[in-house]
Amino acid sequence: MRFFPVPNEASLEKKLDGIFIGSFKLHVNLPRYGRAEKEHKYVKSSYTSKEYNNTSRPRDKREQIVRGLRRDNSNRALYRGDHLKPTLSYAEVVRNPAQGSWKGPVFETTSNTPPWLITSAVGRMSPDVSFENLKGEFVKGGMSRVKLRFVGDNLVLLTPNNSERLEEIIYLNKDWFDSLFVSVEPWFESYVASHKIVWVRCYGIPLSLWNKDCFSKVVSEVASLVEVDESTLLWENLEYARLQVRLLKSGKA
């Protein structure tokens, strides 16, 4: 239902919400979103030109009315179109959530970049290498002078000891690093992981289809398969298949 003009929408809502029709109570809520009004549309006012010219009305009240009204050829008082605030429908808000300027919190803070972070690099692990496997390879390769920190997705922060230069370490062990990383780049401030890796459970997959190819296709619409849990591969737990997948942080699982 649409009422206009309504001086106090909250009061109208409260009065309508208390109405009983027989044994049924009327529930009323103000809409959060309305149909968009075109700029050239005008809404009829309850004040006519005759009412405005009524000298019994206080002058300040008449002046308040005229500031929000205009006349058409039939001498009817109309709301000015520029007083109508454009509104978005619910569907438009859902489809375009990023419209308008940033409405979130804005604040100032102090940037803190420690010296060891400036000398670090970000390595992108190979698809068949996990972070746990990478730590084992660094121990076996005698690379204890490089500290590993998991950033997220397939990214690892490589930090050398104070007396070491990471560029020299990578140069002297290029083939070994190439076997573990797709790329190794110097760290910079805006370097963040765009994906996340999570473990999920898949129920209802027929046992005859328990293989990596099937699992990969099951999750392919929302994620990519990273690893299959060992208990799933060994057919030890048949209630569900436990899979590790990679998906966009902004996506929906």
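Reader: Which residues make a nonpolar surface patch of about 250 Å²?

Author: This is a predicted model, where local features need pLDDT of at least 70, side-chain atom pairs count only at pLDDT 80 or more, and totals for chains, interfaces and linings use all residues. Residues are numbered from 1 along each chain as its sequence is written, and side-chain values use heavy atoms, leaving out hydrogens and water. The patch is made by Ile 19, Ile 21 and Leu 26.

Reader: Where is Ile 19 found?

Author: Helices (H or I, at least four residues) and strands (E, at least two) are DSSP runs, numbered from the N terminus. Ile 19 is found in the loop between helix H1 (9-17) and strand E1 (20-21).

Reader: Why does Ile 19 count as partly exposed?

Author: Buried means under 20% relative accessible area, exposed over 50%, and partly exposed in between (1.4 Å probe, protein chains only). Ile 19 falls in between, because its relative accessibility is 35%.

Reader: How many aromatic pairs are there?

Author: Rings of Phe, Tyr and Trp (its six-membered ring) pair if their centres lie within 6.5 Å. Planes under 30 degrees apart count as stacked, over 60 as edge-to-face and the rest as tilted. By this rule the count is nine.

Reader: What kind of pair do Phe 131 and Phe 150 form?

Author: Phe 131 is in helix H6 (residues 131-140) and Phe 150 in strand E6 (residues 146-152), 19 residues apart. Their ring centres are 5.3 Å apart. Their planes meet at 40°, so the pair is tilted.

Reader: What angle lies between the planes of Phe 138 and Phe 181?

Author: These two form an edge-to-face aromatic pair, 6.4 Å centre to centre. Phe 138 lies in helix H6 and Phe 181 in strand E8 (residues 181-186), so the pair ties together parts 43 residues apart in sequence. Phe 138 is buried at 3%, and Phe 181 is buried at 4%. The angle between the planes is 85°.

Reader: Which residues do ring pairs link into a cluster with Phe 138?

Author: Start from Phe 138 and follow the ring pairs. The cluster also holds Trp 176, Phe 177 and Phe 181.

Reader: Which residues does Phe 181 touch, not counting residues up to four places away in sequence?

Author: Contact means heavy atoms within 4.5 Å. Among the residues touched is Leu 134, 47 residues from Phe 181 along the chain, with 9.5 Å between the C-alpha atoms. The list is Gly 123, Arg 124, Met 125, Ser 126, Leu 134, Phe 138 and Leu 158.

Reader: Which ring does the charged end of Arg 149 sit over?

Author: A charge sits over a ring if NZ of Lys or CZ of Arg is within 6 Å of the ring centre and within 35 degrees of the ring normal. Arg 242 lies over the face of Trp 199, at 4.1 Å from the ring centre. Arg 149 is 4.2 Å from the centre of its ring, that of Trp 116.

Note on methods:
Patches are made of residues with over 30% relative accessible area and no salt bridge: like charges are joined within 9 Å, nonpolar side chains (Val, Leu, Ile, Met, Phe, Trp, Tyr) within 5 Å. Accessible areas come from the Shrake-Rupley method with a 1.4 Å probe; for residues, only the protein chains shown count as cover. A salt bridge is a side-chain nitrogen of Lys or Arg within 4 Å of a carboxyl oxygen of Asp or Glu.
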